[in-house]
Amino acid sequence: MSSTSFNKILLKDRAGFFVGYLSDNLAHRHYALQCSVSLQEPLTLYGQNGLLLLTSGIAIKPMIEHRLVSRSPMLIILLNPASRTGHFFHHHFLSSDIDRLPEELTSLLQSLGQQWFTGQLPAEAFYLAYTQLIQSFVQTCLTASHHTDSRILDALDFLEANADKVVPLAEAASHVFLSPERFRHLFQAETGITFRRLQLWNKLVQVFQTYSPAKSLTELAHEHGFSDSAHLSRTFKETFGLSPTQLFNNSRFIQD
């Protein structure tokens, strides 16, 4: 293994990227749409009823409980379902709650993940190549966008433009000229998560953005609206299957 082959975390444009070994995660579920690719040997996916799938590339819808096991490094991509890319995956790549990624996409992501993990690609170059790859796949299905309510697409753009703050549901609904109740229902139907769940996800994203080894968990918790460090750790573990200490202490965190 190369000396640069350590676990790495990158947060970029409201998406999260992890590459490395993840063997001790517990069963968990979160508000992101997840794509996972094993860089060498196939990964094993466990759900509530035991073994679900043995594969090299997989996509998982938001709020689906899972646990991934692999003896080789993995590339894990967490997409905000309230984003254009997340919305595309949700509606055009997934025919069920858990689905295999197309073989061509899996192979290309494996190559990118391996190059990032071993240090052949720095984080910025990895992200640029990933963006170009995903855009090429999204372009193939642009004609299918007419199936989506244009008001929700407008709302997703509005939320991305205001990603640095918590946007009240009423404000987002007003922006697209919908009543709060109608917007609430339509938003969940299109993204797969509730608007409230999205706000909690955004708080966790902000924890990543402001993380520093010099900060205590208590500081991070109070900074982002959690009652205390135990509340943050519990939410973190339920969401990622690992405590903040387990994840941050064993990874190099590349901040944007």
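Tutor: A charge sits over a ring if NZ of Lys or CZ of Arg is within 6 Å of the ring centre and within 35 degrees of the ring normal. The charged end of Lys-203 meets this rule over the ring of Phe-226, 4.7 Å from the ring centre.

Student: What kind of model is this, and how are residues numbered?

Tutor: This is a predicted model, where local features need pLDDT of at least 70, side-chain atom pairs count only at pLDDT 80 or more, and totals for chains, interfaces and linings use all residues. Residues are numbered from 1 along each chain as its sequence is written, and side-chain values use heavy atoms, with hydrogens and water left out.

Student: Which ring does the charged end of Lys-8 sit over?

Tutor: That of Phe-6, with 5.0 Å to the ring centre.

Student: Ok, aromatic pairs. How many are there?

Tutor: The count comes to eleven aromatic pairs. Rings of Phe, Tyr and Trp (its six-membered ring) pair if their centres lie within 6.5 Å; planes under 30 degrees apart count as stacked, over 60 as edge-to-face and the rest as tilted. Tyr-21 and Phe-117 form an edge-to-face pair, at 6.1 Å centre to centre and 70° between the planes.

Student: Where are Tyr-21 and Phe-117?

Tutor: Tyr-21 is in the loop between β2 (15-20) and β3 (33-38), and Phe-117 is in helix α2 (residues 103-117), so the pair ties together parts that are 96 residues apart in sequence. Helices (H or I, at least four residues) and strands (E, at least two) are DSSP runs, numbered from the N terminus.

Student: Is Phe-117 buried or exposed?

Tutor: Phe-117 is buried, at 3% relative accessibility, whereas Tyr-21 is partly exposed at 33%. Buried means under 20% relative accessible area, exposed over 50%, and partly exposed in between (1.4 Å probe, protein chains only).

Student: What about Phe-183 and Phe-187, what sort of pair do they form?

Tutor: A tilted one, with centres 5.6 Å apart and 40° between the planes. Both residues lie in helix α6, four residues apart, which is about one turn of the helix. Phe-183 is buried at 0% relative accessible area, and Phe-187 is buried at 0% as well.

Student: Which residues touch the most other members in the largest nonpolar core?

Tutor: Phe-183, Phe-187 and Phe-208, in a core of 50 residues. Helix α7 (residues 195-210) supplies the largest share of this core, seven residues. A nonpolar core is a set of buried Ala, Val, Leu, Ile, Met, Phe, Trp, Tyr and Cys residues joined through side-chain atoms within 4.5 Å.

Student: And what lies apart from that core?

Tutor: Another core, of 30 residues, including Ala-15 and Leu-79.

Student: New topic. How many salt bridges does a search find?

Tutor: Four in the whole structure. A salt bridge is a side-chain nitrogen of Lys or Arg within 4 Å of a carboxyl oxygen of Asp or Glu. One of them joins Arg-71 to Glu-41, with the closest N and O atoms 3.0 Å apart.

Student: Where do Arg-71 and Glu-41 lie?

Tutor: Arg-71 is in the loop between β7 and β8 (74-79), and Glu-41 is in the loop between β3 and β4, so this pair links distant parts of the chain, 30 residues apart. Arg-71 is exposed at 71% relative accessibility, while Glu-41 is partly exposed at 34%.

Student: Which residue does Arg-184 bridge to?

Tutor: Glu-181, where the closest N and O atoms are 3.4 Å apart.
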